[in-house]
Amino acid sequence: MVALKVQSLEGIVTAYVQSLGYCRESLQKTVSFLMETYAEKLNHEDVIASLDEILYAIVKKYIPTPRGEKTQALALFKAVFLLNDGAETCGLSLWEKGEITSELQQLLKDNMLQSAPQIKATKMEAQKIETIDFFASLNKIFHMFRKG
Amino acid sequence: MSADIFENLINLNPERVRHRRIKVFGLMIVSTLIATGKWLSSIPTDSFWLTKVLMTILFILTFAWIALFFWSSIFGFFELMAKRKVPGINWLPKDAPLTTKTAILMPVYNESSVNVFANLLAMADSLHTTEQGKYFDMFVLSDTTNPKVWVEEERVWLEAKQKMPKEINLYYRRRAKNTARKSGNIEDFCTKWGAYYDYMIVLDADSLLEGSTMVKMVQLMQANPKTGIIQAPPMCLNGHSLFARIQQFAGKVYGPIVSAGLAYWQVGDSNYWGHNAIIRVKAFMECCGLPVLKGKAPFGGMILSHDFVEAALIRRGGWAAWLLPELKGSYEECPPTMIDFAIRDRRWCQGNMQHLKILISKGLHPVSRVHFTIGVMSYLSSPLWLAFLVVGTAIVLGRGIFPPVYFEEVRTLFPVWPIFDKLGTITLFALSMFMLIFPKFLGLIVYLRDNKNKKKIGGAWSAFKSVIAEIGMSVLTAPIMMMFQSKFVFDIFAGNSVSWNTQNRDDTGTSFSEAVARHLSHTILGIVSTIVIWFYAHSIFWWMLPITVGLMLSIPISMFTSRVTNGEWFKKHKFFLIPEETDAPKILREAKAHLKKLESHVPALQGVALLVDNNVLNALHISMLQVNGPAPDFTREVSQNAEIKLENYLTYGKEMDLSKEEELSLLYNPKLLLQANIGKFLKD
């Protein structure tokens with residue numbers, strides 16, 4: 001996305017952290033930490049994907065039996081994190097120590113935003129409905145008359 | 001189906017069931033035969049033999065249809081007066097514990113999300129009060145194709161989830177492809193999650209079921225292990241336009257004896273109406289997988305009206321299906337205008353005509369075939385009635401234009417007087433009217449008996465005058481509906497697939513332009529027939545007047561009845577009052593309260609713009625994409641255009657103005673959505 005490519009690395013990191021609900025002092029601290037720790041490791045072509053990878057590595061232990069693809073599992077974490085003011089309660093410790101509050105852990109464990117249960121596939125066979133084809137039957141009758 | 005199988009199904013002597021059916025259908029046949037005999041003696045003796053045959057066939061078909069409705073209602077009336085329950089089904093005590101989980105399914109298709117979730121919240125609250133809520137899960141099964149509505153569904157789901165009673169789960173799934181429409185939607189649920197549940201309660205988007213009713217339905221399934229389906233007859237509610245209020249009044253007053261009559265002779269071989277019913281998941285999955293019928297539409301292809309077919313298949317599989325009028329607390333909304341009613345009818349008509357092919361298929365229970373026949377006749381009776389009127393009028397016109405021949409070529413001593421039993425014809429007409437109208441007064445008797453607090457219904461006089469007014473309205477609207485349905489049947493047989501979509505309406509109802517578009521042909525027909533009959537068939541002018549007046553006034557009638565203001569005026573003057581209006585049931589009040597709260601939070605932004613702006617919804621949407629199924633294919637052009645528009649929106653604040661395909665392509669692009677959301681923070 002061009003709108004992102006023209007931005008500075010720090011700018012994108014700041015926006016990313018902001019999108020997780022960080023603001024004011026915790027935002028500054030978190031951005032500083034990320035820039036110091038990960039700036040050289042980030043893929044400058046796709047900074048957001050890199051940041052997602054970092055975040056996923058931290059939180060995957062909290063996402064029980066990750067459902068679906070990494071993208072969806074991480075999005076689920078973010079949604080729970082945002083809804084429960086994770087930035088406020090976890091702050092920098094999420095990134096520094098990989099820690100989230102016990103409340104958040106429980107919410108994730110309880111599948112707070114589970115949109116559907118795990119799929120338990122069962123077959124449902126199409127039934128046979130033997131219908132009479134009117135026109136085919138009429139054709140047969142005409143054919144019989146013509147024959148003899 | 002043999003009697004042995006029937007015995008095993010329900011706790012009822014099959015002879016007793018057979019006697020009930022003999023009574024109802026026997027009386028139908030006998031009364032039709034007597035009336036036909038009278039008809040034959042009434043036809044003018046000098047009529048051409050072909051017209052005599054044609055008129056007699058049409059008479060038999062239309063009269064038999066009226067007779068079935070009449071006799072079924074009579075028996076329904078006696079059942080209600082005696083307060084007898086449908087025999088053969090076991091009821092558990094009110095406080096009997098539930099032992100298994102039930103899924104409540106709400107299939108939606110581009111509906112108002114706030115209305116859908118408001119209803120679900122009200123039902124969840126109602127279940128919570130029964131203290132059995134933990135045995136229920138709710139599923140919103142979306143087939144929504146409108147991208148803005150899709151995002152709105154997710155948004156409101158999130159809000160509603162936080163208001164749900166803790167013990168009831170609220171799930172949401174949107175299918176990427178709505179294969180086989182509603183039946184496919186339900187099948188998708190069954191194949192993915194059906195294994196978790198013994199029963200499922202299927203709703204419509206406007207359904208409301210009280211918690212106690214849902215608990216009773218589950219208890220009934222528990223107590224009757226051979227039962228596949230239990231249908232709770234839904235009552236129309238929450239109507240405000242005059243048309244809707246008349247419908248809900250008719251449903252309230254006449255509905256019970258109709259349902260009781262049907263239940264009387266159907267017993268454990270009843271039908272399924274597609275919603276407000278509980279279904280045994282195992283039975284459904286074993287028996288109700290719908291095939292694609294051979295041949296082309298309208299008779300081949302996907303099965304449209306799946307409910308009747310599913311009931312027939314479940315019965316074929318050896319399970320019972322019940323219609324239980326005793327189950328109260330089951331509600332739905334009715335179409336607010338005549339045109340909305342006709343639009344719904346168009347869909348149902350096609351589905352029912354398709355049943356003509358299934359009607360004669362192998363292995364079905366005879367009563368299932370009767371259900372299909374009734375469904376077909378619900379629509380086919382209209383063109384039959386129209387044909388009857390046309391042929392009858394043509395005969396009279398013929399007399400007017402070509403007077404009778406008194407002295408034929410073969411010489412006779414005396415002239416040949418055509419014999420026409422006018423009194424006989426009038427008698428038959430009066431009899432038909434009696435059979436159509438009398439059950440309404442029987443319904444009124446039951447209604448007055450059951451509503452001891454007359455204030456709630458505006459008093460006995462209010463109820464009586466409302467019945468008279470409803471009859472008057474029916475007389476005027478019947479010919480209009482006859483024309484609609486005749487056209488639908490003709491279109492279907494001609495293979496014309498006409499798409500009827502409503503135009504955007506404001507709260508004032510059907511606009512003049514829409515009424516003209518839909519009813520102009522009716523008006524012209526009414527005027528032309530009035531003139532022709534006046535001049536050339538004057539003897540039947542006054543008899544035909546209710547029909548011709550209804551047609552001539554179809555435009556004002558359609559507009560007038562669509563207005564909420566007129567509905568309110570009649571309500572103020574105590575017409576069509578029902579107790580649910582004067583003292584709304586708790587579940588309806590709660591649904592309205594939830595709706596008010598949900599409506600107060602509707603954001604200005606919609607669709608992709610909302611996901612760009614709102615990081616929670618953005619993350620939520622991406623997290624749910626997996627559940628929705630694989631993304632559809634979009635062309636490169638569509639994807640690129642969408643991305644460019646999104647860029648311009650972010651960079652320059654330019655309105656996105658996305659097409660439906662473009663917006664959907666973005667909604668299926670989690671990477672782009674995430675970048676756009678973060679890009680918004682950069683912009684800010």
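Start by selecting Met106(B). Skip its neighbours within four places in sequence, and you'll find this residue in contact with Val116(B), Leu120(B), Met138(B), Phe139(B), Val140(B), Leu141(B), Leu203(B) and Ala205(B). Keep in mind as you click around that this is a predicted model.

Leu105(B) and Met106(B) are the residues with the most contacts inside the largest nonpolar core, which has 214 residues. Which helix gives this core its largest share? That's H3 of chain B, residues 49-81, with 14 residues.

Keep H3(B) on screen and bring up H14(B), residues 422-450. The two axes come within 9 Å of each other and cross at roughly 20 degrees. Angles under 35 degrees count as roughly parallel, so H3(B) is roughly parallel to H14(B). Their crossing is left-handed. To see who does the touching, show the side chains: from H3(B), pick Phe63(B), Ile66(B), Ala67(B), Phe70(B), Ser73(B), Phe77(B), Leu80(B) and Met81(B). On the H14(B) side, pick Ser432(B), Met435(B), Leu436(B), Pro439(B), Leu442(B) and Val446(B). Colour this contact by residue type and you get 12 nonpolar, 2 polar and no charged.

Lys83(B) sits in the loop between H3 and strand S1 (102-108) of chain B. Its phi is near 55 degrees, a positive value in a residue other than glycine. Is Lys83(B) buried or exposed? Exposed, because it has 9 C-beta neighbours inside 10 Å.

Time to hop over to chain A. You'll see 9 helices and 0 strands here, and 28% of its 148 residues are buried. Take the contacts in chain A between residues at least 6 apart in sequence: 55% of them join residues at least 24 apart.

Zoom in on Asp85(A), in the loop between helix H5 (70-83) and helix H6 (86-90) of chain A. This residue isn't a glycine, yet has a positive phi of about 50 degrees. Asp85(A) is exposed, with 12 other C-beta atoms within 10 Å.

Last stop: show both chains together. The contact takes 49 residues from chain B and 40 residues from chain A. On the chain B side, the elements that each supply at least two residues include strand S3 (169-174), helix H6 (181-193), helix H12 (338-359) and helix H26 (670-683). Colour that side by type and you'll find 30 nonpolar, 12 polar and 7 charged residues.

Definitions and conventions:
Residues are numbered from 1 along each chain as its sequence is written. Chains are lettered from A and ligands numbered from 1 in the order in which they are written. This is a predicted model: local features need pLDDT of at least 70, side-chain atom pairs count only at pLDDT 80 or more; totals for chains, interfaces and linings use all residues. A nonpolar core is a set of buried Ala, Val, Leu, Ile, Met, Phe, Trp, Tyr and Cys residues joined through C-beta atoms within 7 Å. A residue is buried if 20 or more other C-beta atoms lie within 10 Å of its own, exposed if 12 or fewer, and partly exposed in between; C-beta atoms are placed from the backbone. Helices (H or I, at least four residues) and strands (E, at least two) are DSSP runs, numbered from the N terminus. Two residues are in contact if their C-beta atoms, placed from the backbone, lie within 7 Å. Axes are lines fitted to C-alpha atoms, for helices over the stretch in contact, and angles run from 0 to 180 degrees between N-to-C directions. Angles under 35 degrees count as roughly parallel, over 145 as roughly antiparallel, 65 to 115 as roughly perpendicular and the rest as oblique. A crossing is left-handed if the near helix is turned anticlockwise from the far one by less than a right angle, and right-handed if clockwise. Ala, Val, Leu, Ile, Met, Phe, Trp, Tyr, Cys and Pro count as nonpolar, Asp, Glu, Lys and Arg as charged, and the others, Gly among them, as polar.
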